[in-house]
Amino acid sequence: EAEEQLSQFISESPGDHDALMQLGHAVRRQNRVDESIELYKAAERAHPRNCFADSRFYKGMGLEADGRREEALAHYRATLQCDPNHPRALNNLAGEMVRVHKPNESIALYERAVKADPQFFEGVVNLGGAYKTAK
């Protein structure tokens, strides 16, 4: 129902960045990755002078969930170009460093994530895990 309402709102206000982002989140949660990416791109086009780190980040999340890891990493890096202290992008990029057995790089990224947002619980937990793995 919420998706229907957002779709209707977007048809009436096609350039509404927030509505496009919310609909992108809704379809991403349903594993409709390509559709969510198009919505995030539309959100970016709605305000072309802004960087929109969050839309880049969520495109990465959708791609990662879809198993398209290299594309996801490119979006996490693009997120960090917009916002070098984006805690969730730092966290997800650090997770990739763990997967490819680069513990020092992962620790540095997790530390940046926690420094950017000390209340970011997932980052704190992952940092602890990275320290443990590095020993």
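Analyst: Contact here means that heavy atoms lie within 4.5 Å, and helices are DSSP runs (H or I, at least four residues), numbered from the N terminus. The model is a predicted one, in which local features need pLDDT of at least 70 and side-chain atom pairs count only at pLDDT 80 or more, while totals for chains, interfaces and linings use all residues. Residues are numbered from 1 along each chain as its sequence is written, and side-chain values use heavy atoms, with hydrogens and water left out.

The part to look at is helix α4, which runs over residues 53-65. Its 13 residues should span 18 Å at 1.5 Å a residue, and the end C-alpha atoms are 19 Å apart, which agrees; the expected span is 1.5 Å times one less than the number of residues. Just after α4, Gly 67 takes a positive phi of about 80 degrees.

Which residues of α4 are buried? They are Ala 53, Ser 55, Phe 57, Tyr 58, Lys 59, Gly 60, Gly 62 and Leu 63, where buried means under 20% relative accessible area, calculated with a 1.4 Å probe on protein chains only. What covers these buried residues includes α2 (17-29), α3 (33-46), α5 (69-82) and α6.

Two of the buried residues, Phe 57 and Tyr 58, also bring in the aromatic rings. A pair of aromatic rings is described by the distance of the centres and the angle of the planes. Rings of Phe, Tyr and Trp (its six-membered ring) pair if their centres lie within 6.5 Å, and planes under 30 degrees apart count as stacked, over 60 as edge-to-face and the rest as tilted. The structure holds 3 aromatic pairs.

Leaving aside residues up to four places away in sequence, Asn 92 touches Phe 57, Met 61, Glu 64, Tyr 76 and Arg 99. Asn 92 counts as buried because its relative accessibility is 16%. Leu 90 lies in α6 too, which covers residues 87-99, and Leu 90 is buried, with a relative accessible area of 0%.

Definitions and conventions
Buried means under 20% relative accessible area, exposed over 50%, partly exposed in between (1.4 Å probe, protein chains only). Helices (H or I, at least four residues) and strands (E, at least two) are DSSP runs, numbered from the N terminus.
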